[in-house]
Amino acid sequence: MQEYSPEEVERKWQAVWEEAKYFAATEDTARSKYYVLEMFPYPSGRIHMGHVRVYTIGDVIARYKWMRGYNVLHPMGWDAFGLPAENAAIEHGTHPAKWTYANIEEMKAQLKQLGYSLDWDREFATCDPEYYRWEQLFFLQLWERGLVYRKKAPVNWCPDCRTVLANEQVENGECWRCGSEVEEKSLQQWFVKITEYAEELLRDLDTLQGVWPDRVIAMQRNWIGRSEGAEIDFPVLGGKGSIRVFTTRPDTLYGATFMSLAPEYPRLEELLPQGGDRERVLREAERMRAEDPQLREAEEAEKSGVFTGAYCRNPLTGESMPIYVANFVLMEYGTGAVMAVPGHDQRDFEFAQKYELPIRRVVRPEGEEGQDNPEMEQAYSGPGFLVNSDKFSGLDHESAKQAITAELEAMGLGQKSVQYRLRDWNISRQRYWGAPIPVIYCERCGEQPVPEKDLPVELPLEVITHSDGRSPLAESEEFLYTECPVCGGRARRETDTMDTFVESSWYFARYTKAKEHKAPFDRQALDYWLPVDQYIGGIEHAVLHLLYARFFTKALRDLGYMGIDEPFAQLLTQGMVLKDGAKMSKSKGNIVDPGDMLQRFGADTTRLFTLFASPPEKDLDWNDQGVEGAHRFLHRLWRLGLELQDHLRPVGPCARMDGAGLSRSARDLRRKEHGTVEKITRDMEDRFQFNTAIASVMELVNEISSQKDALSPQEEDRHALSSAWSTALIGLYPMTPHICEELWSRAGYSRHLARQEWPEYDPEALQQEEVLIVVQVNGKLRGRVSVPPDAGEEEIKQAALGQENVRRHVEGREIDKVVVVPGKLVNVVL
């Protein structure tokens, strides 16, 4: 093979790696482990360039860590349940299982073509009963601990997907999958009490500072949304109980002049007086509920509401406060009821102005003099001292918070409280292609867990899916009807399936011993491999998958399965792959098919371009000329390898040698080689800056190409050439493994690069023999001189003044001073 044939080279080495099982991991407590994992793919049919980028990044890290001596785990599996497969199968008139497994085979073949160092022995799909049986077990164990419950609740409903969405899956009022406008429905649903872990989820973000992207940490912190304040009860006039609110500003209670309820407030109908405007209020509340929640709470949105006709009493002032339904109040925060303080909240201020409600100032800014009740043009939300607040007037606002809360506690009308924006995780989905929820309903015994011995509750495959997306489970008598585990009577199964984010919340742990049949995990393997050392995936999963995986890790820890608090020690969120400045999509006509790239250029070129074009965390703008440039470089590397082949010796990278026996060109090449290793090791180890590492190796290749003819025929110089070439191949190997393995073997090595150690540079080899000094006269460049790197100031000065062109500009003039900057320049001032 004289001409570079990517297909031939890549097929050869992929077969070698697979036969030798180089990337099959086993526990070895004598070695340090490194677990690198990319978010596993959804088997959609064909890989896209986003897949290529993320898995190439992970593969470079895995191969590099192998060479650094780590015992590396780099597994692969399939996030196989979910709506896209079900909808696609319906569209193509086939079964979701058949569609999914066919896609897995096609995508697996494409991933293998790219030469990834994956441990395929640990492969699984989450739609395998052998996988989701353990998920059903976790559900039952969490239920037993009170961390799973069922209730009727208003839910986010996607009419196109025909299923419920968790709050995290609603983006700007639309379904995160299909973009349809989300509606509200009231359904019986199963929830996981993620809120029980809210404080720990928030607190442990501090341990991820510096190893997770700041943006992801900020997004999770904001989503959890911790607030300290007080819960306050406002008695409803007419003996209808109380309205409980949560507020972070109990110090402003004397300024509360009306009550605002969310249109979703569960007790709204109960509070409304009979007759009058009752029906109009309910219609208005329904209209508000239909508005986009994101727009409702936006600062610039118009504030609107409707008076309910009911009143409550301010617990400290005793004043009657009218109760309104307001569009800007959401159920997702606090209790869905807000004590309105228009003097100190801008939304309340605008609402009060619109409906001519009282505005009272109760906090005066520090240092302000004047009236306690000035005309207000806008709300004041800052700190200060209380006014118009009875015995609490004069207190600073922080002291007043404590004092007023204590007063309410003594009255039995309030207490300190911490609230979270986070809500419990709704895991019920009304679609077929998912893991069945292991619950049985008996008319006599109620809700009953499926006995552990009967797991898994398998999803029946002998059903026909409906074109409108309705689940066929309720129509499958074989699945639906069963015996009650308590009384033995006729009972029915739950027909909802689990949110697919449940599967992806623990898959990383299953990889540690994926073929374990007697338990979800092998504890010894789990303790050895976890946590994942480097996790890689898109920023779009910052709140969804990453938050759920963190919760599941803590819950499984408390169930006794594992001993870690956080699943992912480090996180890299790669940028998107763009073309013509836009995200690739069929509608934009800017799709780049990886299959076409592999056929035209091969895996190594495709990998090289995706790594060289942009740092991993930045967006990558696809460029056809850049791909062709990467291809040309590999062809040049191949030709250079063939040209050098007869002159090379398998001396290894950064080979030890006596510099004194080398020619000047060989010493320069050796210095470049060791400098390259120093640079790319730093780029690979600390920052994953693969683009700059590639650039450094390209410079070394150029140096080899330019110096090869200047080297002497002596054996020492051949060793220097062989060492530099070996280093260039090792430096490129994690990025372009196939061509490097082939050229490495042609250089005389019998041990494959897949088992080669990473080179160590010699600091002494970096020492320069001479340093080039710039010489200026009155600040203008007049010459350059070479001096030894350890030359003193006087020696540098004399060398500069002795330079011919400098002498000519100095001759006949008086030298005022000579400024010497060692290693850089000399400036002669006349």
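## About the model

This is a predicted model, in which local features need pLDDT of at least 70 and side-chain atom pairs count only at pLDDT 80 or more, while totals for chains, interfaces and linings use all residues. Residues are numbered from 1 along each chain as its sequence is written, and side-chain values use heavy atoms, with hydrogens and water left out.

Let us start inside the fold. Helices (H or I, at least four residues) and strands (E, at least two) are DSSP runs, numbered from the N terminus.

The buried residues of α23 are P737, H738, I739, C740, E741, E742, L743, W744 and R746. Their cover includes α1 (6-20), α2 (49-67), α18 (603-612), α19 (624-644) and α22 (715-732), where contact means heavy atoms within 4.5 Å. After α23 comes G748, with a positive phi near 105°.

## N691 in helix α21

N691 sits in helix α21 (residues 690-707). With a relative accessible area of 15%, N691 is buried. Leaving aside residues up to four places away in sequence, N691 touches L611, F612, S614 and P615. A519 makes a handy landmark for N691: the two are 172 residues apart in sequence and 43 Å apart in space, C-alpha to C-alpha.

## Backbone features worth a look

Most residues other than glycine have a negative phi, and most peptide bonds are trans. Against that background, a cis peptide bond joins L455 and P456, with omega about 5°. P456 belongs to the loop between β20 (446-449) and α13 (477-480). Another cis peptide bond joins L530 and P531, with omega about 0°, and P531 is placed in the loop between α15 (523-529) and β24 (534-538).

Two aspartates are also worth a visit. D390 has a positive phi near 55° and lies in the loop between β15 (385-386) and α12 (397-411). D390 counts as exposed, at 60% relative accessibility. D580 is not a glycine either, yet its phi is positive, at about 55°. The loop between β26 (577-579) and β27 (582-583) holds D580, which is exposed with a relative accessible area of 65%.

## Salt bridges across the chain

How many salt bridges does the model hold? Taking a salt bridge as a side-chain nitrogen of Lys or Arg within 4 Å of a carboxyl oxygen of Asp or Glu, the count comes to 61. One of them pairs K112 with E18, with the closest N and O atoms 3.6 Å apart. K112 lies in helix α4 (residues 96-113) and E18 in helix α1, so this pair ties together parts that are 94 residues apart in sequence. K112 is partly exposed, with a relative accessible area of 30%, whereas E18 is exposed at 53%.

R46 forms a salt bridge with D593, the closest N and O atoms being 3.6 Å apart. R46 is in the loop between β1 (33-38) and α2, and D593 is in the loop between β27 and α17 (594-600), so the pair ties together parts that are 547 residues apart in sequence. R46 is partly exposed at 38% relative accessibility, and D593 is partly exposed at 23%. E319 and R360 form a salt bridge as well, with their closest N and O atoms 3.3 Å apart. This pair links distant parts of the chain, 41 residues apart: E319 is in the loop between β11 (305-313) and β12 (320-326), and R360 is in the loop between α11 (346-355) and β14 (363-364). Elsewhere, a network of salt bridges links E200, R203, D204, R550, K554, R557, D558, D565 and E566.

## A negative patch

Which residues form a negative surface patch? They are D160, E171, E174, E181 and E183. Patches are made of residues with over 30% relative accessible area and no salt bridge, with like charges joined within 9 Å. E183 is in strand β7 (residues 183-192) and is partly exposed, with a relative accessible area of 40%.

Methods:
Patches are made of residues with over 30% relative accessible area and no salt bridge: like charges are joined within 9 Å, nonpolar side chains (Val, Leu, Ile, Met, Phe, Trp, Tyr) within 5 Å. Accessible areas come from the Shrake-Rupley method with a 1.4 Å probe; for residues, only the protein chains shown count as cover. Lys and Arg count as positive and Asp and Glu as negative; His and the chain ends are not counted. The place of a charge is taken as NZ of Lys, CZ of Arg, CG of Asp or CD of Glu. Buried means under 20% relative accessible area, exposed over 50%, partly exposed in between (1.4 Å probe, protein chains only).
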